[in-house]
Amino acid sequence: MNPDDLLVLPGNWNFDYRYFAGATASRFFAELRDNRRIMGRRCPSCRRLLIPARSYCDACYVETGDWEEAGLEGTVEAFAIIATQFPGLPEPPLVIGFVTLDGADSAILNFVRGVDLSDVEAAGRRLFEQTRVRVVFAGDPQGRITDFHFVPVNQRTS
């Protein structure tokens, strides 16, 4: 077969499912819902605090140990400004940030709100300069990752 003859086949995966969270993720989400705190598990080998909590260390491949609370401020490690509508996401533009919370040794992904996105390029420059964010919890937590989002530290709750 000639490489120029390769096919592109359209497809669509649209199905309902139920996610079995397991013991560690269940506690992580219950802590968000019930106590409005972000908990991680510490690796007994390398001593990293893993957020979100996971059962095994991704560096040492050992079962994680003690539960510990992470800080409610952190540093944006990477971000994306989404300008295209995707099913299941809020109306664009929006910012998704990979944030390492104070006290944690791994990052967690969530929305960053409170950023003026009227000029996407300027917003990107501001996010590169102002990398500190804080957690804002939802008014009616449901035990989901959307029970919180981030805002720049110089922003009021939104």
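A: Start with E73, which counts as partly exposed at 33% relative accessibility. Here, buried means under 20% relative accessible area, exposed means over 50%, and partly exposed lies in between (1.4 Å probe, protein chains only). The model is predicted: local features need pLDDT of at least 70, side-chain atom pairs count only at pLDDT 80 or more, and totals for chains, interfaces and linings use all residues. Residues are numbered from 1 along each chain as its sequence is written, and side-chain values use heavy atoms, with hydrogens and water left out.

The side chain of E73 meets that of R132 in a salt bridge, at 3.4 Å from N to O. This pair links distant parts of the chain: E73 sits in strand β4, R132 in strand β7, 59 residues apart. A salt bridge needs a side-chain nitrogen of Lys or Arg within 4 Å of a carboxyl oxygen of Asp or Glu. Strands are DSSP runs of E, at least two residues long; helices are runs of H or I, at least four long; both are numbered from the N terminus. R132 is partly exposed, with a relative accessible area of 26%.

Now the strand that holds R132. Five of the six residues of β7 are buried, so the strand is mostly covered. β7 pairs with β4 (residues 73–82) in the antiparallel sense, over three bridges. Two strands pair if DSSP finds at least two bridges between them. Opposite R132 stands T75.

β7 also runs antiparallel to β8, joined by five bridges. V133 stands opposite P152 in β8, and R134 has V151 as its bridge partner there. β8 itself is largely enclosed by the rest of the structure, because five of its five residues are buried. In a regular strand, side chains alternate between the two faces of the sheet. In β8 both faces are covered: F148, F150 and P152 are buried on one side, H149 and V151 on the other.

α1 has 14 residues and reaches 19 Å from its first C-alpha to its last, close to the 20 Å expected. The expected span is 1.5 Å times one less than the number of residues.

E31 belongs to helix α1. E31 is buried, with a relative accessible area of 7%. Leaving out residues up to four places away in sequence, E31 touches R36, R37 and M39; contact means heavy atoms within 4.5 Å. R36 follows α1 and has a positive phi, near 50 degrees.

Back to charge pairs. The whole structure holds ten salt bridges. R42 takes part in one with E68, the closest N and O atoms being 2.7 Å apart. That pair also links distant parts of the chain: R42 in strand β1 and E68 in strand β3, 26 residues apart. R42 counts as buried at 15% relative accessibility, whereas E68 is partly exposed at 26%.
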